[in-house]
Amino acid sequence: MSAAADSPGRGRYIGHPLPRPGARRLLAGRGRYTDDVLLPRTLHAAFLRSPYAHARLGAADVSEAAAMPGVHRVLTGRDFVPICTPWVGTLSHFKGMRSAPQMPLPTEKVVWAGQPVVMVIAETRAEAEDALEAIGIEFEELEPVVDLDAARAPGAPRIDADAPDNVLFRTRIESGSTADAFAGAESVAVDLRFGRHTAVTMEPRAVLADFDPGEGRLTVYQSTQTPYQFQDLYARHFGLPEARVRVIAPDVGGSFGMKLHLYHEDMAVVGASLLLKRPVKFTADRLEAFASDIHARDHRVRARLALAPDGGLRAIEVDDVTGVGPFSAYPRTSAVEGNQVVRLIGAPYRLTDYRADLTVVAQNKVQMSQYRAVGHPIACAVTERLVDLAAQRLGLDPFEIRRRNYVTDAMYPHTTPSGYRFEKLSLGTCLSKLHDLMDYPALRAEQAALRGRGIHRGIGIATYVEITNPTPAFYGVGGAHISAQDGCVLKLTPAGEVQCAISVTEQGQGTEAIVGQIVAEGLGVDRDCVRVHTGDTETTPSGGATWACRGAGIGGETALQASRKLRTRILEIAAAILQAEAKSLDIRDGAVTDPDGTPRMTLRDVANLAYYRSDLLPPDVSPALTVAHHFAPRGYPFAFTNGIHGSLVEVDVETGLVTILRHWVVEDCGRIINPLLVDEQIRGGVVQGLGAAFFEECRYGETGQLLNGSMADYLVPMACEMPDIVIAHVETPTGDTELGAKGCGEAGTAAASGAALNAVNDALHPLGASLSQLPMTPERVLRALNVI
Amino acid sequence: MKARAFDYRSVASVPEALAAHAGCAGEARYLAGGQSLLPALNLRLDAPDLLIDIGRIEALRGIAREGRTLRIGALTRHAETLRSALVAEHAPMLTQAAAFMAHPAIRNLGTMGGSLSLSDPAAELPACMRALGAAFEITGHGGTRIVAADDFFLDLFENAIAPGELLCAIRVPLPEPGTRMRFEEIARRRGDYALVGLGAKLVLAGGTIVSARLGFCSVGPTPMRAPAAEAALTGRPLDAQAIAAARAALGDDLFPDEDDSLSAAARMHLARVLLGRVLAALSDAGAPAAIEGAAA
């Protein structure tokens with residue numbers, strides 16, 4: 001038997017740092033993204049966008065625009081009413097949640113600056129944009145709801161006139177009695193604000209819809225991470241048979257959660273193709289991306305932590321208010337982020353009592369919804385800031401207070417006060433490993449020495465617990481048509497090579513690479529013989545695709561089990577030919593072998609025989625060399641992972657600028673399939689977290705205008721400002737799967753900003769200053785220092 | 001975003017460029033490196049009828065010493081400024097500034113004449129030109145006139161170039177003995193427009209500052225001189241007291257506006273910090289960082 005057959009641990013491919021097979025093609029400029037897809041007779045869409053954050057729509061005069069060169073049609077909200085049903089971004093397990101119904105284009109009013117209002121469809125994008133300038137439209141301005149607190153104030157203007165107020169969802173989690181815990185106890189408190197930021201994918205959103213009236217068939221090329229979800233949405237909302245809707249995600253240049261939400265433009269483009277019976281394409285430009293891609297975060301969290309007399313951490317109370325834009329995103333809702341915030345706060349610690357309130361409010365800004373590490377960075381920063389404050393209060397080192405208060409190894413399986421169940425975490429191991437990795441005592445000594453010379457360095461650490469491998473408990477129970485299982489079809493071709501069609505998808509993170517490694521390992525073939533195909537609802541099995549950190553853990557297990565099935569088939573055929581027992585044969589290096597590894601016949605020989613000379617097989621042996629396998633996790637509702645970050649910064653107290661000197665991560669994603677890809681997932685995630693900590697912020701003016709919606713004004717983290725990121729691993733495989741892999745996609749983002757916040761505050765503490773708002777801009781640092 | 005349709009013409013000489021401009025019935029724009037103009041067209045912030053591509057006019061290229069002047073052709077790319085030995089020898093402030101200007105891909109195309117003609121007050125070159133006391137050769141149908149940098153920048157994106165005229169070359173005076181110069185800026189990311197930037201040129205004689213020229217970027221509608229701070233420095237040795245006096249006097253020179261990314265108070269504070277740092281670097285104590293202007 002091959003090593004892989006016994007255990008999927010480190011074998012020929014699993015556990016090895018192999019480069020992605022697809023990377024060379026992308027680097028050579030041979031990527032084929034949605035905007036690269038050219039279909040005959042394609043028309044191009046451009047949108048007139050609302051200049052106002054909140055306004056009633058008046059009459060639109062589109063006659064001049066409709067007559068302009070190259071223009072085929074000008075569509076307004078009413079044109080879509082007969083062909084499209086509205087969508088509402090709520091889920092039934094979020095009790096009492098409400099959100100205004102949405103249509104491709106508005107008919108009554110606009111609710112954010114940048115909302116598409118009128119659609120021009122023309123021969124070229126330039127002609128469509130020319131025609132936009134000829135559209136006359138009246139807006140009657142309404143008072144906008146901008147500020148998080150103002151949105152909740154009594155008498156605030158209501159965004160949804162049918163709703164009693166601007167609150168979309170409220171929930172409370174309560175376990176034990178925090179009132180008792182806080183009574184007479186020492187406590188520390190925070191009031192933290194987290195700015196809005198956005199994904200800024202290298203490839204913006206793009207959609208090309210092609211309705212063929214001959215077959216009544218809709219094909220949509222779309223830059224998305226979840227093609228099956230969009231197949232369902234387009235079929236249901238446009239009344240098409242699902243089997244006649246095909247969604248293809250070609251190469252996708254980054255998504256980070258931003259590309260799994262339904263956007264008005266998507267529905268308008270599909271609707272336009274249905275109406276015009278021609279291919280219609282829309283590619284968001286960078287300004288449109290800032291004004292219409294989902295934004296992330298936007299929380300104000302007040303929390304306090306009660307300390308037990310022995311210095312233990314006892315109870316936490318939380319009030320999280322999050323502003324999500326004018327309505328809740330569809331189909332996953334904008335309540336998930338806040339829900340994860342209030343459930344993850346305090347997760348690594350032994351707490352006896354917990355209470356959290358979440359309020360999700362509407363505001364006239366771009367919709368806010370799931371983005372990489374949904375809720376995690378907020379929960380992590382709140383928790384870890386509280387723990388650092390407690391350490392200060394108790395005179396403990398940040399490492400020591402965590403060591404004393406983590407959930408211990410003896411406690412697993414462990415259920416948190418917020419109801420999350422942990423199979424097994426490695427909190428203490430990761431903490432010790434980080435201590436060594438940073439050479440923490442040396443850093444502290446250096447910090448003290450430099451302080452004497454007026455150099456203000458800060459050291460911060462932050463623990464995270466990460467939600468991965470979700471079951472239907474995530475969305476399915478709430479009624480969403482979002483799959484938590486994955487499917488894989490494996491085929492041994494007549495030439496003895498392997499084609500793999502799988503429902504997890506690729507956006508640049510290397511999904512196809514790890515699936516190829518797993519299949520090659522599971523079958524016993526060379527990785528170069530395995531071709532992995534993803535992202536097409538018509539040629540791959542339906543499944544969950546990419547969200548919430550599930551590609552390796554669920555998709556990988558699906559691929560492993562499918563390879564087991566195909567292996568069994570191959571050996572059954574080979575055994576019949578070789579007149580041997582199937583279980584006495586193995587597959588190694590692309591050949592069927594004896595148990596001692598002596599080759600008996602190649603896979604090409606097996607396949608040739610099955611495809612071309614099936615007459616030689618005994619009648620009871622099937623020639624089938626294609627297998628399908630579906631897998632859904634059935635054990636724990638989520639495979640929780642954990643890890644810890646360390647951050648070293650230097651604050652220039654004259655300018656308020658912070659230099660990020662170094663960043664460390666110790667992470668545990670269970671079985672590592674490809675350490676190279678895990679490391680780069682972590683690094684990319686850390687950079688996004690540091691972006692949130694220091695640079696990225698969607699700034700709004702008082703009238704609800706986005707003030708910095710361009711790459712010149714919105715600061716993405718860039719290489720010059722990023723530190724070296726040092727990574728170490730701990731492997732605690734989940735017992736729920738044979739593969740044992742958990743996710744790692746959120747791990748970098750989850751705690752980078754929390755560690756940086758603690759580091760900056762560590763630098764500022766001796767100066768009597770503290771910061772409680774992200775991003776930590778020079779202005780905010782100077783104000784904290786009372787310099788201005 | 002797609003630009004509105006426009007005509008395009010490539011020209012080989014300055015007279016041909018001027019004629020093309022004069023011959024355009026609508027709005028014409030000269031196109032050099034295109035690093036600001038093309039985004040403006042794509043954003044539809046500008047929609048000229050004709051682009052006159054001056055990128056192939058040989059007469060606008062080249063850096064040469066002419067008597068007591070360093071003459072820099074308007075088509076000099078920022079990357080050439082950064083690499084030029086002549087610039088490094090005679091106007092090292094520009095070498096330092098070029099390293100702060102955007103990123104290599106932009107520096108490979110963006111031109112000195114283009115940046116100065118745009119007159120973005122947040123750009124490095126306009127501030128440097130005021131600090132260096134440079135002058136500009138501006139050619140129109142009436143011939144060529146010379147405009148001092150101090151008279152050139154009129155308001156936000158407004159300057160002394162009349163419609164149809166072309167900025168052809170920049171004349172930077174060679175530094176006299178005892179000159180020290182330096183450019184530095186404070187930005188949140190390398191390559192960004194500065195929160196505040198400063199080009200400083202001091203002339204010292206016998207340990208005393210006899211001339212001080214300070215050119216700030218990002219603190220007003222044009223690149224800003226700081227006459228009060230310059231006066232506070234002049235006639236004193238370059239020491240801690242002089243630096244403190246200049247920092248204090250800066251409040252009479254600069255009145256930055258509030259903007260959504262930085263408050264006026266923070267910008268003013270950063271201008272003072274930067275002035276202190278640049279002057280300290282130019283002082284004898286900061287000697288390793290100071291760049292002594294070459295004697296003629």
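This is a predicted model: local features need pLDDT of at least 70, side-chain atom pairs count only at pLDDT 80 or more; totals for chains, interfaces and linings use all residues.
## A buried glycine in chain A

With 27 C-beta neighbours inside 10 Å, G516(A) counts as buried, because the threshold for that class is 20 or more. G516(A) is located in helix α16 of chain A.

Neighbours within four places in sequence set aside, the contacts of G516(A) are P21(A), R527(A), V530(A) and V532(A). A further distance concerns V498(A), which lies 18 residues from G516(A) along the chain. The C-alpha atoms of these two residues are 9.5 Å apart.

## Packing of α16(A) and α17(A)

Helix α16, residues 511-523, and helix α17, residues 551-578, meet at an angle of about 30°, and their axes are 8 Å apart. Angles under 35 degrees count as roughly parallel, and α16(A) and α17(A) are therefore described as roughly parallel to each other. Their crossing is right-handed.

On the α16(A) side, the contact is formed by T511(A), I514(A), V515(A), I518(A), V519(A), G522(A) and L523(A). The partners in α17(A) include G551(A), A552(A), G555(A), G556(A), A559(A) and L560(A). Also on the α17(A) side are S563(A), R564(A), L566(A) and R567(A). By class, the contact of α16(A) with α17(A) comprises nine nonpolar, six polar and two charged residues.

## The buried side of α1(B)

In chain B, helix α1 spans residues 14-22, and its residues A17(B), A20(B) and H21(B) are buried. These residues cover an arc of only 100° around the axis, and are therefore on the same side of α1(B).

Strands of chain B contribute to the cover over the buried residues of α1(B). Among the covering elements are β1 (7-10), β2 (28-31), β3 (50-53) and β10 (166-173).

## Contact between chains A and B

Between the two chains, 21 residues of chain A are in contact with 15 residues of chain B. On the side of chain A that touches chain B, α5 (125-132) and α21 (778-784) of chain A each supply at least two residues. The element that gives the most to this side is α5(A), with four residues.

The residues on the side of chain A that touches chain B divide by class into 11 nonpolar, two polar and eight charged.

Methods
Residues are numbered from 1 along each chain as its sequence is written. Chains are lettered from A and ligands numbered from 1 in the order in which they are written. Axes are lines fitted to C-alpha atoms, for helices over the stretch in contact, and angles run from 0 to 180 degrees between N-to-C directions. Angles under 35 degrees count as roughly parallel, over 145 as roughly antiparallel, 65 to 115 as roughly perpendicular and the rest as oblique. A crossing is left-handed if the near helix is turned anticlockwise from the far one by less than a right angle, and right-handed if clockwise. Two residues are in contact if their C-beta atoms, placed from the backbone, lie within 7 Å. Ala, Val, Leu, Ile, Met, Phe, Trp, Tyr, Cys and Pro count as nonpolar, Asp, Glu, Lys and Arg as charged, and the others, Gly among them, as polar. A residue is buried if 20 or more other C-beta atoms lie within 10 Å of its own, exposed if 12 or fewer, and partly exposed in between; C-beta atoms are placed from the backbone. The arc is that of the directions from the helix axis to the C-beta atoms.
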